[in-house]
Amino acid sequence: MAAPGKSLSNKKSQSELMPRLGFLLMAILVYRLGTHVPVPGLNFEVVSDFFKQQSETILGLFNMFSGGALERMSILALGIMPYISASIIMQLLGAVSPSLEQLKKEGDAGRRKMSQYTRYLTIALAIVQAFFVTQGLASQENFVDSEAFPGMTFHFVATVSLVTGAVFMMWLGEQITERGIGNGISMLIFAGIVAGIIPAIGGAFTSAQTSSTGIFAVLFMLVFAVAIIWFVVFIERGQRQITVNYAKRQQGRKVFAAQTSHLPLKVNMAGVIPAIFASSLLLFPASISQFFGDGSSEGVMQLITAALGQGQPLQIVVFTALIVFFCFFYTALMFNPNEVADNLKKSGAYIPGIRPGEQSAKYIDSVLTRLTVIGSIYMAGICLIPQVLTNIPNISTLANYLGGTSLLIVVVVLMDFMAQVQSHAMSQQYDSLMKKSNLKGNSAGR
């Protein structure tokens, strides 16, 4: 039988955790409902047929990240991509602009100002992207109900709807981060991908029933996905632990003995952010070129679409380069070896065989660089799996869900979600124990 104190602690942790989980579930439900709210003025049967024909192109991949909102041309069709693009631009500017770099050092006030700039830039990018998407829709035959929405009426209504949806997605992601659990942007992308996995598997089995080789290919993809999940979990848990020794020290009358600890450095310090950033930068230009294709194989837009198609050499090279760049860039933003070395020096700690200060910073930086090289190769290899499988019949669409960027996002976001749930539960239990110890100390003092 559990002790009364432990039972009360568990109830306290659950009472703090459950509202966050409830808010997260409600936010995801609202998001999924929003993907079914259509943009006014479109002939949805024609639009749906068009996207079904393009399911194995770059538009199909973009549709996967939007949770099916693009296929249904809902008001959330732009998804979270404008916000991600704005975040990328602001982080790049923050690394080269002294004024923005100074803002990041001003604590909470500086971060709030950076967030405000990111929101403004998100709105500007959403307006541009919505304009191009609206123009692309209007240029397609029979896409627009010209009788109900003639001329510029459709352009205005559709642009406002798409921009409003993008701003709502930005707001919803920030609310999940603040009131829910996990990174809001990652959770929304995760929800969109998961919503399409089961239909993708069902569709793959339906299309593969005509041949035994098709069924075998789908089963192979499922087994292969399990192997990828195991590999992703294995790498994401991988760490390089740098031994750190604390010298014997005295504070007042207390003498602290020498201690040994470890500085853990993950193989993939950047998490899933490089994959999301690289995909967002690569998907939208290709999608715009797909919308604005002029129907001739020699058109500029058609050439862009063909060059950025899945499995094409240019697409593979650009995608790999973006992933490697963002792995190093985001790791540099998240982890500062000089700051870590200074903190170790101030606390009287040192790395065996390495001088404190600058030498320690160089050593940590060299270890982190080698780890990032391994992590970037791992992430690029996982994300390029669909490019290898794109020519296999019956599983090209399924490979986008069960291999590559989508599966990496699902696994990493789920691991981060579970870790944060455990962290919230442990912190609440720790707070309750501290309150009890303070109460006991006060009663003893009386």
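Ser-366 lies in helix α14, where helices are DSSP runs of H or I of at least four residues and strands are runs of E of at least two, numbered from the N terminus. The structure is a predicted model, in which local features need pLDDT of at least 70, side-chain atom pairs count only at pLDDT 80 or more, and totals for chains, interfaces and linings use all residues. Residues are numbered from 1 along each chain as its sequence is written, and side-chain values use heavy atoms, with hydrogens and water left out.

Ser-366 is partly exposed, at 26% relative accessible area; the term covers the range between buried (under 20%) and exposed (over 50%), with a 1.4 Å probe and protein chains only. Arg-355, in the loop between β5 (349-350) and α14 (358-383), counts as exposed because its relative accessibility is 65%.

The table lists C-alpha separations for these two residues.

| Residue pair | Separation along the chain | C-alpha distance |
|---|---|---|
| Ser-366 and Pro-337 | 29 residues | 9.4 Å |
| Arg-355 and Lys-345 | 10 residues | 9.6 Å |

Elsewhere, helix α6 (residues 108-139) packs against helix α7 (residues 152-179) at an angle of about 140°, their axes being 8 Å apart. Axes are lines fitted to C-alpha atoms, for helices over the stretch in contact, and angles run from 0 to 180 degrees between N-to-C directions. The two helices, α6 and α7, are therefore oblique to each other, a class left after roughly parallel (under 35 degrees), roughly antiparallel (over 145) and roughly perpendicular (65 to 115).

Contact means heavy atoms within 4.5 Å. Residues of α6 including Ile-123, Ile-127 and Phe-131 meet residues of α7 including Leu-162, Val-163 and Met-170.
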